[in-house]
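Biologist: Please put the structure up, and then we can go through its side chains one question at a time.

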Amino acid sequence: MRVLPLAAILLALAPLAVPGMACAQAQTAVSPEHLALGHELAKRNNDEVSADNQVSAMLVSAAKIFAENKDLRELEKEYPGAIKKMLDAMAPVIREETLRALPRLWDRLGAIYAANMTEQELRDAIAFYSGPVGVRLRAAMIGDLDMKAMLSEVLADPDKNISEKALGASLDSTARGAIRALSSADQQALAQFAFTPAGAQIQRLNAQIIKAASDWSNEANPELDAKLEKIAEDVVAKILDKEQSK
């Protein structure tokens, strides 16, 4: 099992991006101060608290998708509660690995933002996402997290990388739901930001952000895979031992 991408990595403007408008600007060297602003923007929308909350939401989604898997469905039918026990046991390891991997995501997204946005655009974007509308938007995205497309891919073929298409579909659905949950005033504020230089540039970077997030989520992690496989085996073994001791 991989560390799944966080819904916030597209910031909030994924559904507002125009297809085919991926930024084609050459990435040039930037000052440390400029790069720090890009890093701050990336971290602002992917902080540890949001990541932890989204892991919780992801586990709820995972339980529903696991129940659709034939083998796991049979296991659950024979041993009710098996899937929950498995996910509960995996949760601490997934949380720990997600938080450990976050700085790599911040570095990659921060470099993209810094190379393609001016310092003023970065400051404006940070100000928006740090403000009340940005905070409510992130909360709404966590509350409406839709990871079905990605989780379905993983269950269909655990050895296959999560595709950019599935990542984009999950994030698009999540962001659309979050925007619908906002008040009309917040929706208007978001629309106004989308037409500022900072908002427009973020939209143009949409494809680059999706690719960076997809690459991050698909990085091989044999140690994590082994830990989760061992956890699953131990949970099943305990269930069988308990049944045999009855």
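Biologist: Is Asp234 exposed, partly exposed or buried?

Modeller: This is a predicted model, where local features need pLDDT of at least 70 and side-chain atom pairs count only at pLDDT 80 or more, while totals for chains, interfaces and linings use all residues. Residues are numbered from 1 along each chain as its sequence is written, and side-chain values use heavy atoms, with hydrogens and water left out. Buried means under 20% relative accessible area, exposed over 50%, and partly exposed in between (1.4 Å probe, protein chains only). Asp234 has 32% relative accessibility, so Asp234 counts as partly exposed.

Biologist: Which residue forms a salt bridge with Asp234?

Modeller: A salt bridge is a side-chain nitrogen of Lys or Arg within 4 Å of a carboxyl oxygen of Asp or Glu. Here the closest N and O atoms of the pair are 2.9 Å apart. Both residues lie in helix H12, 4 residues apart, about one turn of the helix. The partner of Asp234 is Lys230.

Biologist: What separates Asp172 and Arg176 along helix H8?

Modeller: Asp172 forms a salt bridge with Arg176, with 2.8 Å between the closest N and O atoms. Asp172 is partly exposed at 25% relative accessible area, and Arg176 is partly exposed at 41%. Being 4 residues apart in helix H8, they are separated by about one helical turn.

Biologist: How many salt bridges are there?

Modeller: Another of them joins Glu119 and Arg123, whose closest N and O atoms are 3.2 Å apart. By the salt-bridge rule, the count comes to 10.

Biologist: Why is the pair of Phe128 and Tyr129 called edge-to-face?

Modeller: Rings of Phe, Tyr and Trp (its six-membered ring) pair if their centres lie within 6.5 Å; planes under 30 degrees apart count as stacked, over 60 as edge-to-face and the rest as tilted. The ring centres of Phe128 and Tyr129 are 5.1 Å apart. The pair is edge-to-face because the angle between the planes is 85°.

Biologist: Which helix holds Phe193, the stacked partner of Phe128?

Modeller: Phe128 and Phe193 are stacked, at 4.2 Å centre to centre and 0° between the planes. The pair links distant parts of the chain, 65 residues apart. Helices are DSSP runs (H or I, at least four residues), numbered from the N terminus. Phe128 is in helix H5 (residues 119–130), and Phe193 is in helix H9 (residues 184–194).

Biologist: Which residues form one aromatic cluster?

Modeller: Phe128 is buried at 13% relative accessible area, and Tyr129 is buried at 1%. Phe193 is also buried, at 7%. The cluster is made of Phe128, Tyr129 and Phe193.

Biologist: Which helix do the buried residues of H12 pack against?

Modeller: The buried residues of H12 are Leu224, Leu228, Ile231, Ala232, Val235 and Ile239. Contact means heavy atoms within 4.5 Å. The buried residues of H12 pack against H4.

Methods:
Helix = DSSP H or I, 4+ residues; strand = E, 2+ residues; numbered from the N terminus.
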